[in-house]
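Work through the exercises below with the sequence and the 3D view open. Try each task before reading its solution.

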Amino acid sequence: MRRPSSSSLAIARRDLGLSKVRQMTTWAVVVSLGVVGAVSAVLASELPGRSSAPATTPSQPATSPNTSTNAGPSSGLQAPSSPPSSVQSPPQTSAPPVISGAS
Amino acid sequence: MVEFPALGSTAVVASHPKNLLDVAVKVVEEEVAAIDLVCSRFRPDSEIVGLNSSAGQWFETSPLLFEALRVGLAAARNSDGAVDPTIGHTLQLLGYDRDFSELDSSAERPPLVTRRVPGWRKVQLDPERLRARLPVGVEVDLGATAKALAADRAAGRVARVTGGGVLVSLGGDISLAGGPPPGGWLVRVCEDHRASTDAPGQDVTLSCGGLATSSTTVRTWLRGSERMHHIVDPETGLCANGMWRTVSVAAASCVDANTASTAALVKGSGAESWLERHGLPARLVALDGSVRSVCGWPEAGR
């Protein structure tokens, strides 16, 4: 049985080293891409006009972040399903109108 | 239709069909009494007085006060801070420190300075334990939203209990629930809810949702020689001083309508575009009395 020469051993070690470097580089690239993607997603959601949440959503208070909130449940101001109508003809009822005014 | 005193103003209740009126009135009276006991700044036994005097520590609330606080904070968020419940101390500085009928214009008061109100974001709510915490020095006033909340709660409850239609007006802020009468509810939109039915204004019909009117011409008082009103600009801590004197808004609820009408007075020149962005039909009366209609509010003379 022939023993490998010292030069072929060196080549084998070099190839093994290069393989490990390639492997580590691949992982580094994958991890970096993941981190960059996550950071980009966070930044995108924080930019004005880019948020998926209402622009007026408050930040949480500095204290008791897990148990307290100053935000009520809200989906914003809601328009009526039908707007007011002008009175085109005399009302069908004899009842006087209800007054809406400030108090 | 029945009228009776409520929350320092007048309640009006109407039902469809009319034979539901007695039940409707009873429900409205109960809701009004409950909200008054919880949210009145001028009752020493009210919960909100207890909350305001406990600033700096957690305060256990009733479900109704918690709901009123959540609604008040949601109004602040939905109005970009224009309707801020942390104006309690500011209102006192402006002279509104007791029941409106007992205000004293001659009392000695310090000069007014521009100072932003503490801000609604500093109020903490703990929904799991039904408690709230105000920072030291902060007092809340829910006058802008509690009345509207009471109207919405009462109208919704009447409709659920009776299965009929109801109109509840508390101080001119109107909530509708259930089926309306044929042709809708007839409402005259004026600047003052105490106006007579032939006062300047506009008749409209409504079938659902809420309608609220806010004005700088009503609930005014003298602070020395200076006239004050109760619409506070949170940015300055002073009376709002925009280009509109009265704004009426229709929305899906009385709370949303009241939030928007108050916010529009504070926002001034930016009010029209803001209302359009939210799709809220509104009638705006300028300081000179001219009227603007936006977002589908029917055009008419004042």
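**Exercise 1. Chain A**

Task: State how many helices and strands chain A has, and in what pattern they follow each other.

Solution. Start with the count: chain A has 1 helix and 2 strands. Helices (H or I, at least four residues) and strands (E, at least two) are DSSP runs, numbered from the N terminus. Next, read along the sequence: the pattern is α-β-β. Finally, check burial: 17% of the 103 residues of chain A count as buried. Buried means under 20% relative accessible area, exposed over 50%, partly exposed in between (1.4 Å probe, protein chains only).

A note on the source: this is a predicted model, in which local features need pLDDT of at least 70, side-chain atom pairs count only at pLDDT 80 or more, and totals for chains, interfaces and linings use all residues. Residues are numbered from 1 along each chain as its sequence is written, chains are lettered from A and ligands numbered from 1 in the order in which they are written, and side-chain values use heavy atoms, with hydrogens and water left out.

**Exercise 2. The interface**

Task: Describe the contact between chain B and chain A by residues and by area.

Solution. First, the residues: 66 of chain B are in contact with 38 of chain A. Contact means heavy atoms within 4.5 Å. Second, the area: the two chains bury about 4200 Å² between them, 58% of it on carbon and sulfur atoms. Buried area is the accessible area (1.4 Å probe) that two parts lose on being put together, summed over both.

**Exercise 3. A strand with partners in both chains**

Task: Find the partners of strand β8 (residues 185-192) of chain B in chain A and in chain B, and say why β8(B) is described as largely enclosed.

Solution. Take chain A: 4 bridges join strand β2 (residues 98-102) of chain A to β8(B), and the two run parallel. Two strands pair if DSSP finds at least two bridges between them. Here Ser100(A) stands opposite Val189(B). Now take chain B: 5 bridges link β8(B) to strand β9 (residues 202-206) in an antiparallel run. Val187(B) stands opposite Val204(B). Last, burial: 8 of the 8 residues of β8(B) are buried, so the strand is largely enclosed by the rest of the structure.

**Exercise 4. Lys147(B)**

Task: Is Lys147(B) buried or exposed, and which residues does it touch?

Solution. Locate the residue: Lys147(B) is in helix α5 (residues 143-162) of chain B. Check the area: Lys147(B) is buried, because its relative accessible area is 15%. List the contacts, leaving out residues up to four places away in sequence: Lys147(B) touches Leu7(B), Ser9(B), Leu170(B), Gly171(B) and Asp173(B), and also Ser103(A) of the other chain.

**Exercise 5. Two packed helices**

Solution. Two packed helices are described by the angle between their axes and the distance between the axes. Axes are lines fitted to C-alpha atoms, for helices over the stretch in contact, and angles run from 0 to 180 degrees between N-to-C directions.

**Exercise 6. The 8-strand sheet**

Task: Give the strand order of the open sheet of 8 strands in chain B, then follow β15, β16 and β17.

Solution. The order is β1-β2-β6-β7-β10-β15-β16-β17, with antiparallel pairing. β1 (2-6) and β17 (291-294) each have a single partner strand, so one side of each is left without a neighbour in the sheet. The twist averages 10 degrees from one strand to the next.

- β15(B) and β16(B) pair over 5 bridges, and Ser248(B) has Arg283(B) as its bridge partner.
- β16(B) and β17(B) pair over 4 bridges, and Leu284(B) has Arg292(B) as its bridge partner.
- The hairpin of β16(B) and β17(B) has 4 residues between the strands, and Gly289(B) takes a positive phi near 95 degrees there.

Finish with burial: 5 of the 5 residues of β16 (residues 282-286) are buried, so this strand is largely enclosed by the rest of the structure.
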